Amino acid sequence: MAEAQAKPRTLPYVAAITDGVREVLKEFDNAFVAGEDVAGAGSVYGYYNGLLKEFGPDRIYDTPISEEGIVGLGVGASATGCRPIIDLMFMDFMGECMDEIANQLAKMRYMFGGSAKLPVTMLTMAGAGASLAAQHSQSLEAWICHLPGLKVVMPTTPYDAKGLIIAAARDDNPVIVVLNKMSLAMQGEVPEGSYSIPLGKANIVRPGSNLTIVALGRMVHEALKAAEALEEFGLDAEVIDPRTLQPFDTATVVESVKKTHRALIVHEAVRFGGFGGEIAAQIQEEAFDYLDAPVGRVGAPFSPVPFSPALEKHYVPNAARIVAETRRLLGL
Amino acid sequence: MTSQITDNVLRDMHHRMVRIRIFEESAGKLMEDGKIPGALHLYVGQEAVAAGVMVHLSNDDWITSTHRGHGHLIAKGGEFDRMFAELFGRATGYCKGKGGSMHISNMDLGMLGANGIVGGGPPIAVGAAFSSKFRRTTNVACTFFGDGASNEGAFHEAANMASLYKLPCIFVCENNGYGEYTSQANHQAIVDVADRAAGYGMPGVIVDGMDAVAVYEAAGEAIARARAGDGPTLLECKTYRFYDHVGVRGMGLSYRTDEEVAYWKKRDPIKLFEARLAEQGILSAEQAAAVHEEVTRQVREGIAFAESSPLPDPSALLEDVYA
């Protein structure tokens, strides 16, 4: 499909999601949306607002609160000729449907010797910072990046949200789109019409020369703030947004580290066992001789997400912690 | 109702049942002789269910199966050569040796896979039924599961959604009295799984799962209802597995009595059916024997095909993970 002419305009992240889903429903007659509160309510985040009116009840379906049933619906419908957009209201709810995600959705194609195609797009919401406590705030991307057969993307801007949703829907594999609830109001340029962002390709959001910061999801914005603050220590940080975690664009990260000789990885998820460990391992495997310092990692501490704002603000990583960890790492 | 079944359909069901029986007897022996790797869950004893349901379906109708899935695939039209090749882990198998017994499948036949997860199938069948309705076809999806799976949340979520959306989905419960090694009395407080249909606003029908004609009639009604857009049915077939949870001899666990097994073997669905067909002059004992003989020959050929087939090349390991 021809890409539309880009015409600049500003939209919040939440409306960019709507715009992406709208383009998918227009592009594919066999696409539909199914999930909890997605039709009548337009989702608890409001990102399907207006789509029921625009596309009708044959394209947008409210489901019971049955996450395993919802993902199973996506598996069965995609294997038999549909291109479903499945909504999982909070990423934390993966616990309710992990069998359908891990044992069915991810593996069906392989188990069937390649005879099945599962073009499912699953939108889900991660992120702490809204005092939603331990069961509505997690960043669990490491769970799904560990499952061969799935693709995983994390849009960090309105532009990326729309483009990655369209790319996910066009892909013939199951793609999980991990959104961030604290980014919903973030404004950014979003072209009208359809465009897609290639899966598996990282985005260098700030070029730099002597430190590489790889940041996931909303942490990209904290990393950019940290990069400015680090200038006074003589650091010129390159900030990389992987955009896609699975498949991961190791080459772009390794190229950067070969140039900067230092690397720091930042994510909102719990640091221990987080996806940052995988990135650090890839860097040391492929660029060990180029490193002037250990690869650093910033993530959440090893605890559930706390409720009280007084505790939560110490839980979620931010620019100050990125700066502090960088200084500790490099002895500045 | 019985009078509506043509002789050809009766012979067809008999043929499907014999194909399942002889395939499974052979596969079980091959596993216990160490020629087939992994674990096989044999369908022997339950043949009337697969045959009685599947004879109503075309390749455009979908099914989901269970860990005990060979019988469903055979009844749906699975070929012995590619099935044995899969069980032997050969490149020529239906899944190129990547699925094996517990994931054997064939999309062209509308078979969405055996499933190693108890209760994994019903939500997928609901998706296939949703797809049939969304694409405005009259195809149905049948999901096979056991009494054990009826205790999984997945079954309940699927049943509720199928009924809510009035989907062309038939929930076929093969109640063989055991969830693995635990008797129904020890795993649920009800006798009839069909009772659970009421909770989802769909008909719950109980049928003798050792009687192919009874299954045929009840399944026919449920499938016609689904095709007409009137929604799902829970069809409980009371049946029994003659062999162990895994394999023929199994692990030698004592969890059911010899008397119980003997009782059910007297109700062997194939023997019952053959007696009936002979009595009605539809298939003589000689003709039935000829069917067994022909199927036995086809099984031998299937095994020979599998044994002479190439193993998957190591380079295939990373193929088919992604489209």
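Which residue is the bridge partner of V205(B) in β7(B)? I looked this up first, bearing in mind that the model is predicted. The partner of V205(B) is L235(B).

**Entry: around β7(B)**

I then followed strand β7 of chain B, residues 233-238, along its two neighbours. On one side I found 5 bridges between β6(B) and β7(B), and these two strands run parallel. On the β3(B) side I found 6 bridges to β7(B), again with a parallel run. I picked C237(B) to see what lies across from it. V207(B) stands opposite C237(B), and E174(B) also stands opposite C237(B). I note for myself that strands of a sheet pair through backbone hydrogen bonds.

**Entry: buried or exposed?**

I checked the cover of β7(B) next. I counted 6 of its 6 residues as buried, so I wrote the strand down as mostly covered, taking buried to mean 20 or more other C-beta atoms within 10 Å. In a regular strand the side chains alternate between the two faces of the sheet. I therefore listed the faces of β7(B) separately, with the same cut-off for buried. One side has T233(B), L235(B) and C237(B), and the other has L234(B), E236(B) and K238(B); these are all buried.

**Entry: the whole sheet of chain B**

I read the strand order as β1-β2-β3-β7-β6, an open sheet of 5 strands with parallel pairing. The edges are β1 (62-64) and β6 (204-208), each of which pairs on one side only. I noted an average twist of 20 degrees from one strand to the next. Helix α5 of chain B, residues 121-134, packs on this sheet and touches β1, β2 (141-146) and β3 (169-175). The direction of α5(B) makes about 170 degrees with that of β2(B).

**Entry: two helices of chain A**

I moved to α9(A), residues 250-260, and α10(A), residues 275-287. Their axes come within 10 Å and cross at roughly 60 degrees, and α9(A) and α10(A) are therefore oblique to each other. I recorded the crossing as right-handed. From α9(A), T250(A), V253(A), V254(A), V257(A) and K258(A) meet I279(A), Q282(A), I283(A), E286(A) and A287(A) of α10(A). By class I have 6 nonpolar, 2 polar and 2 charged residues in this contact.

**Entry: where chain A touches chain B**

How many residues of chain A are in contact with chain B? I have 34, in contact with 35 residues of chain B. On the chain A side, two or more residues each come from α3 (67-79), α4 (94-105) and α5 (108-111). The largest share, 9 residues, is from α3(A). I sorted that side of chain A into 13 nonpolar, 15 polar and 6 charged residues.

Notes
Residues are numbered from 1 along each chain as its sequence is written. Chains are lettered from A and ligands numbered from 1 in the order in which they are written. This is a predicted model: local features need pLDDT of at least 70, side-chain atom pairs count only at pLDDT 80 or more; totals for chains, interfaces and linings use all residues. Axes are lines fitted to C-alpha atoms, for helices over the stretch in contact, and angles run from 0 to 180 degrees between N-to-C directions. Helices (H or I, at least four residues) and strands (E, at least two) are DSSP runs, numbered from the N terminus. Angles under 35 degrees count as roughly parallel, over 145 as roughly antiparallel, 65 to 115 as roughly perpendicular and the rest as oblique. A crossing is left-handed if the near helix is turned anticlockwise from the far one by less than a right angle, and right-handed if clockwise. Two residues are in contact if their C-beta atoms, placed from the backbone, lie within 7 Å. Ala, Val, Leu, Ile, Met, Phe, Trp, Tyr, Cys and Pro count as nonpolar, Asp, Glu, Lys and Arg as charged, and the others, Gly among them, as polar. Two strands pair if DSSP finds at least two bridges between them. A residue is buried if 20 or more other C-beta atoms lie within 10 Å of its own, exposed if 12 or fewer, and partly exposed in between; C-beta atoms are placed from the backbone.
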